Amino acid sequence: DNNNRHRQKQARIKQLMKIMNSCKNIIALLIVCLSGFFAAVPGTMAVAIVENGKAGADIVIAENCPRMVKLAAIELQTYLEKMSGARLAIATAPGANVTTHIYVGRSPHTDQLKITAEGLKHGAFRMGSGPDYLVLLGRDADFVLPKYLPRSFNDYPRATQEWDERTGEHWGNPYTGLRLFRQYNPLVGVNVYDERGSYNAVCEFLHSLGVRWYMPGELGEIVPQMKSIPLAQIDKTVRPDFPYRNLGDGAPTFDGGWYDAAIYKLRIGLEPNMGIPGPHGLNDVNGRDEIKRAHPEFFKNHQSPASNDHYYAACLSSPWLFDYTVKFARAVFDIYPDLKYVSGWPNDGFTMCHCEQCKGQRTPERGASGWASDYVWEFTERVAKELYKTHPDRIVVNGAYDCYTLPPLKIKKF
């Protein structure tokens, strides 16, 4: 009986094994069939961006997108090819011959996915992925030169005349010193003031793959070799800690610079803010020759400086200069609603006025770095308090410079 039961048991096991083998073959066949089906239908399963040196994705941008988005797409295409040897196509609609799509910048496709640039400022961006897509998106816009500014070096007379007609005064335009017409680099094809959130997103994505830029040119870049690049799951929003990111005169030149230097400035995330005024902003108030001739009361010892004198000092106790400075700032803020800052930084070549109002305001006991601190910063504070009555959301800036480097003692809180 035991032998019979053993033989029956063995027979049932063999029969079960046959059934399992049959099922396994059917399941394997079904998986192959379904894999082929899903691979032919975009959006149904995740595949690699690049697989064994072959492109499994394309790069999708909107028609008539900002120029910085076009540059971002080219950068992404270039570095993915450097890494893997695969060249992803750039298109305005998802291709049917790939299973994954990388959407760079806003487009109807990102709108459908409900991934937007809302709330993103100063180059911030979003990175999001799904089973068959990756979105790299931020706020993007082509820079438009503000009104009343020259379009070339030969255009200064025309721009100055229109500015004077608009203001009714002989002020300087606070944007003029930025030479904004020079900030478009034809070698790169963008303006340094173009908004570029999507470009920053592309750089961050490449950075996540191991790409590094340590100095301009190929010698300064690190590009890892990867035959396959997976579509990782990403849900990330990046906001900069500093809205103004620039190296000043030490930065690679964008204005007239060669390609490698200009694009390096973009790749490492530098972003100037055209709302930040330059040094010695009081020059815009009293620096024009017409003002020097007409208003000696604005200047040191109430004497007009020579027309060609670039190193002159103002009388910061002058009530006329104070009123004129406030009038200038209010006019500028009204003409340029997006301008957040105005500069009260005194003219270069600073020396103390010796008129009756200024006498006794020098504090030599504070040393070379502070003998004019209270005198200079008190003027800035008075201008700010007056502007606060009409423009409480704006900012007056000054520079801690030369003989007014130390904090003032008479102002407890700005």
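What follows is a set of questions about the chain, each with an answer.

Colleague: What kind of model is this, and how many helices and strands does the chain have?
Modeller: This is a predicted model, in which local features need pLDDT of at least 70 and side-chain atom pairs count only at pLDDT 80 or more, while totals for chains, interfaces and linings use all residues. Residues are numbered from 1 along each chain as its sequence is written, and side-chain values use heavy atoms, with hydrogens and water left out. Helices (H or I, at least four residues) and strands (E, at least two) are DSSP runs, numbered from the N terminus. By that count the chain has ten helices and 16 strands.

Colleague: What is the strand order of the open sheet of six strands?
Modeller: Two strands pair if DSSP finds at least two bridges between them. The edge strands, each pairing on one side only, are β4 (90-91) and β14 (235-238). Pairing in the sheet is mixed, and the order is β4-β3-β5-β7-β6-β14.

Colleague: Which residue in β5 is the bridge partner of Ala 57?
Modeller: Strand β3 (residues 57-60) and strand β5 (residues 100-104) pair in the parallel sense, over four bridges. The β5 partner of Ala 57 is Thr 100.

Colleague: At about what angle to β5 does helix α2 run?
Modeller: Contact here means heavy atoms within 4.5 Å. Axes are lines fitted to C-alpha atoms, for helices over the stretch in contact, and angles run from 0 to 180 degrees between N-to-C directions. Helix α2 (residues 67-84) lies across β3, β4, β5 and β7 (133-138), and its angle to β5 is about 140°.

Colleague: Which strands does helix α5 touch?
Modeller: Helix α5 (residues 197-208) packs on the sheet, and its direction makes about 130° with that of β7. The strands it touches are β5, β6 (125-130), β7 and β14.

Colleague: Why is the pair of Trp 345 and Tyr 401 called edge-to-face?
Modeller: Rings of Phe, Tyr and Trp (its six-membered ring) pair if their centres lie within 6.5 Å; planes under 30 degrees apart count as stacked, over 60 as edge-to-face and the rest as tilted. Here the centres are 5.5 Å apart and the planes are at 65°, so the pair is edge-to-face.

Colleague: How many residues apart are Trp 345 and Tyr 401?
Modeller: Trp 345 is in the loop between β15 (341-343) and α10 (373-388). Tyr 401 lies in the segment after β16 (395-397), so the pair links distant parts of the chain, 56 residues apart.

Colleague: Is Asp 374 buried or exposed?
Modeller: Buried means under 20% relative accessible area, exposed over 50%, and partly exposed in between (1.4 Å probe, protein chains only). Asp 374 is in helix α10 and touches Arg 366, Pro 408, Leu 409 and Lys 410, not counting residues up to four places away in sequence. Its relative accessibility is 8%, so Asp 374 counts as buried.

Colleague: What is the phi of Asn 64, near which value?
Modeller: Most residues other than glycine have a negative phi. Asn 64, in the loop between β3 and α2, counts as exposed at 78% relative accessibility. Its phi is positive, near 55°.
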